[in-house]
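I set out to record how the two chains meet and what surrounds the ligand. My entries follow the structure.

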Amino acid sequence: MPKIIKDGKVIDDSWVIIEKDFSGELPRAKVLLPMQYWLDNKDTLNLMCAGLWLDSDEDVDTIGLEANQFPLIAVNFPTFADGRGFSIGRLLKERYEFTGQLRAIGSATRDQLFYLKRCGFDSFDLKEGIDLEAAAASLNDFSVTYQTSVDKPEPLFRRS
Amino acid sequence: MYVYNEHDQKIIEERVAQFRGQTDRYLAGEIAEDEFLPLRLQNGLYIQRLAPMLRIAVPYGLLNSKQFRKLAHIARTYDKGYCHITTRQNIQFNWPQLEEVPDILAELAEVQMHAVQTSGNCIRNTTSDQFAGVAQDELEDPRPWCEIIRQWSTFHPEFAFLPRKFKIAVCGTKGDRAAIQVHDIGLQIVKNDDGEMGFKVLVGGGLGRTPVIGSVIREFLPKEHLLTYLDAILRVYNRHGNRANKYKARIKILVRAWKPDVFAHEVEAEWDNIKETPASLTDEEINRVKSFFTAPDYQPVDDNDAEKELTKLSGEHLAFSKWLQRNITAHRVPGYAAVTLSLKPTGVAPGDITDQQLDAVADLADQYSLGEIRTTHNQNLVLADVKKSDLFELWQKAKAGGFATPNIGTLTDMICCPGGDFCSLANAKSIPVAEALQRKFDDMDYVYDLGDLSLNISGCMNACGHHHVGNIGVLGVDKKGEEFYQVQLGGSSDSDTTLGKVLGPSFGREEMPEVIEKILNVYIENRQGDELFLDTYRRIGLNPFKESVYAKDH
Ligand code: SF4
């Protein structure tokens, strides 16, 4: 079974990512639906076993407060240099009060884990071939931070 | 100046450890080249034409003598005995070994320095006025705000992978010595009608291949909202900036495409959501940071006596009087002066300084200027708090050290990027052009007669040499694999920032001294009274220059 990092630990994961151009019948599994598919099929979908994923160029505001229908939302990083996902993460958590699992998928790298965690991501589906146990250490590269973010609602100067 | 507390120190030390691990993994083949690239860039490390280049952050250009001595030590131990002051007030080493960079960073951390975010697509070092805190025309010292921005931008989790690099400048004066109009964000400290301090906010300025003057998107931002407003601008840019084409990825392109008022509207809408959050500044924090920049203990110096003495000494030493004229800036405290040490003697790449000079400047700073040194975006150094009664002694020592060339603000005080000698992006060399011009115009009386004149050279259109805003701008271009130089006239980086206009077809390197001479002759023939080059140019326009330079020889 594929492995991911979740809450700092390496665990098995069974979510299946449904491609954007998918049509036909959904597999009987825990599926991550592409955002547009969900929008197109909102009225008929049974969301019992569904999470959602969106791409870096998709508008998180479209999901908005409906985010909490999902136990898991994943954000795709098509390349590690595409930093839009960091904003998407914060918006989901801070503005749209998403309380479920927030996952980075695609090309995010080990050396981005600390920033991702700060932006509200708690699970990470990294590229194959990465030593996940070692990578998880990078979640704690820093013990002090200046800014507010999802993990620290107050900036350093307000923390006691 | 700002002194790290245990948190600041910890963050920088953890950064060194992080980069050490990353470098080890890279050298062990565990990180791919393209993934290591942004990691090393965000630690200031480029791979250049000949060797790696390490760019060290000098937050808003301020350093102390201890830091200077550390730089001297690094230049000696890890480099070839010199370093280079950049046009964004930072310091570059040209010859470090990749394997040794973590050690260099660890050494820097010992003196509260780092190379964080000096490169890469992230928020870069915040720059400011080299006379901040001592300038006579200052509304408020911009440095505490620069420090607040430094901390906010350091490892900002949301904005480490922007579409493109992002530069912020702050000034506290009406006249703009920090080039805020050509930065991604320019902040000017202003007072509103109720006498409250805040910021005028400009966005979307920049040089590079598409030079643009920034647009004002907010006339007055109350100071406590500084960081949330910056967050809003950056978030709009991070979400909507162009990521497909790196030449269209700077914020200026987005601001232009949307129009400034639409961009401003988007920022305000985003800001509405976040302004009343804990991220807004507290008076306590503002005052904490300001407390590091309070006026030092100036000693009483009788200004009249000091002036009299200076007049007398000037009469006896012509070179000293020239130096006083060109290299001294008025200070807000009577009896004091700010001194610019020139890093533009003939025959040395503009902005280069040796390890011995670094040590010597550190000594001068300790002895005459409260132990502090500033770097300038004109690639010189400033000792900002010198007693007028010490000026003569300081001048003698500076002369011995090789940085008393009395040419500040003149033709030979050129801004020049490293160009093709070092930079892998260059189209042409720039240092040899600067040197040829300095040799051609080595008659100081001629140079003084020309008066204030800026000549800026960039080796390619990335414009690190700020050629667009030089009165005379020189740009290296590549024509079928050969190096040529395009000349622009009429640029200005003062409060009325203006972009220069291209004179015409480009020239070979050996033609450059003569071309510049012709341009200067047109000025000399046409100037009225004390008119400066820029004013003559503005009055007579480009054509007379063009005609003279491109006239066919008979
Ligand atoms: S202007 Fe071009 S050549 Fe000069 S330093 Fe910048 S990138 Fe290099």
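**Chain interface and ligand shell**

I looked up the area buried between chain B and chain A and noted about 3,400 Å², with carbon and sulfur atoms giving 55%; buried area is the accessible area (1.4 Å probe) that two parts lose on being put together, summed over both. On the chain B side, B:Pro157, B:Phe161 and B:Arg239 lose the most area to chain A, together 22% of what that side buries.

I noted that this is a predicted model, in which local features need pLDDT of at least 70 and side-chain atom pairs pLDDT 80 or more, while totals for chains, interfaces and linings use all residues. Residues are numbered from 1 along each chain as its sequence is written, chains are lettered from A and ligands numbered from 1 in written order, and side-chain values use heavy atoms, without hydrogens and water.

I then listed the contact (heavy atoms within 4.5 Å): chain B gives 42 residues and chain A gives 38 residues.

I looked for salt bridges (a side-chain nitrogen of Lys or Arg within 4 Å of a carboxyl oxygen of Asp or Glu) and recorded 7 across the interface. One of these joins A:Arg95 to B:Glu270, with the closest N and O atoms 2.6 Å apart.

Lastly, I turned to the ligand. The residues around the ligand include B:Cys417, B:Cys423, B:Cys460 and B:Cys464, where near means a heavy atom within 4 Å. I classed this shell as 8 nonpolar, 4 polar and no charged residues; Cys and Pro count as nonpolar, and Gly as polar.
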